[in-house]
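Welcome, and please open your viewer. Keep the selection panel at hand, and we will walk through the model one stop at a time.

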Amino acid sequence: MIEIADVSLVDWSRAQFALTAMYHWIFVPLTLGITFIVAFMETLYVKTGNEEWKKITMFWMTLFGINFAIGVATGIILEFEFGTNWSNYSWFVGDIFGAPLAIEGILAFFMESTFIAIMFFGWNKVSRKTHLLATWLTAIGANLSALWILVANGWMQHPVGMKFNPETARNEMDNFWEVLFSQTAVDKWLHATSSGFVLASVFVIGISAWYLLKKREIQLAKKSILVAAIFGLVSSIYLVITGDNSTRTIANDQNMKFAALEGLYNGSEGAGLVAFGFFSDNSSDPNNENLKDFNLKIEIPNILSYMAFLDWNAFVPGVNDLINGNGKYGIMSYYDRIERGKVAIAKLTEFKEAQKAGNKELAASLKTELTSDDFQNNYFKYFGYGYFDDPGDLVPNIPLTFYSFHTMVGLGFYFILLFIFSLVFLLKGTFEKKRWLMRLAIISIPLAYIASQAGWIVAEVGRQPWVVQDLMPNVAAVTRISAGSVQTTFWLFAILFTILLIAELKIMFRQIKIGPKH
Amino acid sequence: MKRQNIFLRVWYFYFNGFKNMGTWSRQVWIVILVKLFIMFVILKIFFFPDFLKKTFDNDKQRSEHVLEVLTKSK
């Protein structure tokens, strides 16, 4: 029995996945970045032999340990949800995800049981250099572990290196390297990990600033700010570069997401970048409620064209160009994509019926047709569009995507200023006299988490309704179970994760208050 | 002096490490163990069965089911 997935089931399943992923991402970026900061500090200890650096290293290692321990395995719940709530998706992509997730699991296990154990248990038991090596390998391992998850996510954003097998209803990997080195996957990994470096730097500066405000742990705070501000500044510049690359990849491979994150409804040559804008409640298009008018916007001419295609006058398609098509620029309309998607679904249905009827000859001929390059490139490529009748349903939530993107970018540039001010005043020896800067640094810690979460909202809300871009929308991916049971587990998770977060904050705040001496 | 067997050295490394943990380490280990128990014993078993594994006996049936969903979803 196949029931049609209702909106409530899809929405609750999405809400549950979003909740779990966002809670998981509270813990991950700090781990990605603070491990490198700790490694730099320990390197300074090993090079100089200065015991103060050892004390500093051990203090930040403790905070890393608390964050790591509370966050560990929270991502496993996402895998539970694949099997229970997203079983069709899970089956559809199984062969592609198997390899990266298995590598991630093995890497994480060995990293956690070996290098982290040496980091925490190995002081005075292994040589200084061996301990330092374990610390560096923990940092590198944590970031490599993230690579495999982000490769899987990158594939969902831009599926490559596979072929759909109608007999098994699965995508089968035919080129591992194409999956691994897809531009989307590479951009995603570099951008997500460098955002973790920036978050961790803000975290270290914020806590150090708190010590300076309290006039305690002065040496630890100053030395920590020095390392974190340099690391944060370099990472921020790298973050801008990776973000810029990522934007270009999105403009090419996910042009609806690109139009949504800039609130661009009608494309133009020499398109301007909306640096700042507010939406009104009124829709600019009576046929699409999602296209809200801007109440206010500040636009910088030509920048968007340059960002997207490195050409000041390039044409950047807007939402309406994508829906209605634009012959002049060779853009196929969503109406045409929907038609082609329906042809692909009809052909797959024919294949299924032939198999059911035991007509092997017809099934074999349909399989040949379905898997031919011509059919794959002209019809199966648009398979997911076939589930829709109204192209308006293929437009993501534009205000949420726009605000999240601008929040992320705005805060990213604010952090650059924070690192520069921190470094300048520290080198001038006046940091601890600037109370406004110390307060700002403390307030910046939650802002770094907001920027980090906003980045994922851009990535995931901006590509709706797709679970696998162009191939599988969430309505086809979701398991036909009762929406009530998904609601129950949603609240269970909300409670469980909130308790975990409170536990982390309590243990961490206490450890910060105790400081490094104990 | 004769060096200890490598396995014994690894064993004592972990054993002494856990034995000499500080307060915060003990607290986070309690959190980890409670969390893993809730996740794998309660959530996984009672709330998150693998739908396709639980509902169908073999991969052929699972493929047929997904194919059915893919061709009938609206």
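**A glycine to start from**

Select Gly429(A): just after helix 15 of chain A, it takes a positive phi of about 80°. Helices here (H or I, at least four residues) and strands (E, at least two) are DSSP runs, numbered from the N terminus.

A word on what you are viewing: this is a predicted model, in which local features need pLDDT of at least 70 and side-chain atom pairs count only at pLDDT 80 or more, while totals for chains, interfaces and linings use all residues. Residues are numbered from 1 along each chain as its sequence is written, and chains are lettered from A and ligands numbered from 1 in the order in which they are written.

Now select residues 398-428 of chain A, which form helix 15. From first C-alpha to last, its 31 residues reach 45 Å, close to the 45 Å expected at 1.5 Å a residue (the expected span is 1.5 Å times one less than the number of residues).

**The two domains of chain A**

Next, colour 7-254 + 396-514 of chain A as domain 1 and 334-392 as domain 2; these bounds come from an automatic or database domain assignment. Taken over C-alpha atoms, the centres of the two domains are 38 Å apart. Their contact takes 11 residues from domain 1 and 12 residues from domain 2, where two residues are in contact if their C-beta atoms, placed from the backbone, lie within 7 Å. On the domain 1 side, look for strand 1 (162-165), strand 8 (472-473) and helix 17 (474-477), each supplying at least two residues.

**Over to chain B**

Select chain B and you will find four helices and zero strands. Its radius of gyration (taken over C-alpha atoms) is 23 Å, well over the 11 Å that the globule rule gives for 74 residues, so chain B is more spread out than a compact globule. That rule is 2.2 Å times the number of residues to the power 0.38. Along the principal axes, the C-alpha atoms of chain B fill a box of roughly 70 × 30 × 20 Å.

**Where the chains meet**

Which helix of chain B gives the largest share of the side that touches chain A? First, show the whole contact: 31 residues from chain B and 42 residues from chain A. Helix 1 (6-19), helix 2 (23-47), helix 3 (51-55) and helix 4 (59-72) of chain B each supply at least two residues of the chain B side. The largest share, 12 residues, comes from helix 2.
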